[in-house]
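Please have the sequence and the model at hand while reading.

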Amino acid sequence: MQVLVRDNNIDQALRVLKKKMQREGVFREMKRRSAYEKPSEKKTREKAEAVRRSRKLARKQAIREGLIPAPPKKEIPARKQPLPAVPSGERPAR
């Protein structure tokens, strides 16, 4: 995994790296491997994950076919407007 560091901005590069690792499932894998998992527990977990995946796939298919309504979209709040630029010689009134 590679992350480019721009303008010596380590904080931004770390954020990007963490996001990539999260997406790849590295943290989940580390947590899972931190303790021994019995074979029976592993089988149960993998079955539950497979069921979850198949249900998600079926739900998406049903939404595409129009059998069930799509969940409402989250509304993204509007960003604040930037402050107006003040010419360099003047100071704003208080």
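At the start of helix 1, which residue has a side-chain oxygen that reaches to the backbone nitrogen of Q12? The residue is N9, whose side-chain oxygen comes to within 3.3 Å of that nitrogen. The structure is a predicted model, in which local features need pLDDT of at least 70 and side-chain atom pairs count only at pLDDT 80 or more, while totals for chains, interfaces and linings use all residues. Residues are numbered from 1 along each chain as its sequence is written, and side-chain values use heavy atoms, with hydrogens and water left out.

**The segment before helix 1**

- Q2 lies in the segment before helix 1, where helices are DSSP runs (H or I, at least four residues) numbered from the N terminus.
- Q2 is exposed, at a relative accessible area of 70%; exposed means over 50% relative accessible area, with a 1.4 Å probe and protein chains only.
- Although Q2 and L17 are 15 residues apart in sequence, their C-alpha atoms are 7.9 Å apart in space.
- D7 also belongs to the segment before helix 1 (10–24), and its relative accessible area of 78% makes D7 exposed.
- N8 is in the segment before helix 1 as well, and N8 counts as exposed at 70% relative accessibility.

**Backbone angles**

- Most residues other than glycine have a negative phi.
- D7, which is not a glycine, has a positive phi of about 55 degrees.
- N8 is likewise a residue other than glycine with a positive phi, near 55 degrees.
- G25, which follows helix 1, has a positive phi near 85 degrees.

**Length of helix 1**

- The 15 residues of helix 1 should span 21 Å at 1.5 Å a residue, and the end C-alpha atoms are 21 Å apart, which agrees.
- The expected span is 1.5 Å times one less than the number of residues in the helix.

**The largest pocket**

- The largest pocket has a volume of about 260 Å³; a pocket is an open set of points on a 1 Å grid where a 1.4 Å probe fits, with protein on both sides within 12 Å along at least five of seven lines.
- Its lining, meaning residues with an atom within 4 Å of a point, consists of G25, R28, E29, K31, R32, R45, E49, R52 and R53.
- Helix 2 (26–33) and helix 3 (39–65) each supply at least two residues of this lining.
- By class, the lining holds no nonpolar, one polar and eight charged residues; Asp, Glu, Lys and Arg count as charged, and Gly is among the polar residues.

Conventions: Buried means under 20% relative accessible area, exposed over 50%, partly exposed in between (1.4 Å probe, protein chains only). Grid points are joined across faces, edges and corners, and a volume is the space filled by probe spheres set on the points. A polar contact is a pair of N or O atoms within 3.5 Å; within protein, one must be able to donate a hydrogen and the other to accept it, and residues adjacent in sequence count only if both atoms are side-chain atoms.
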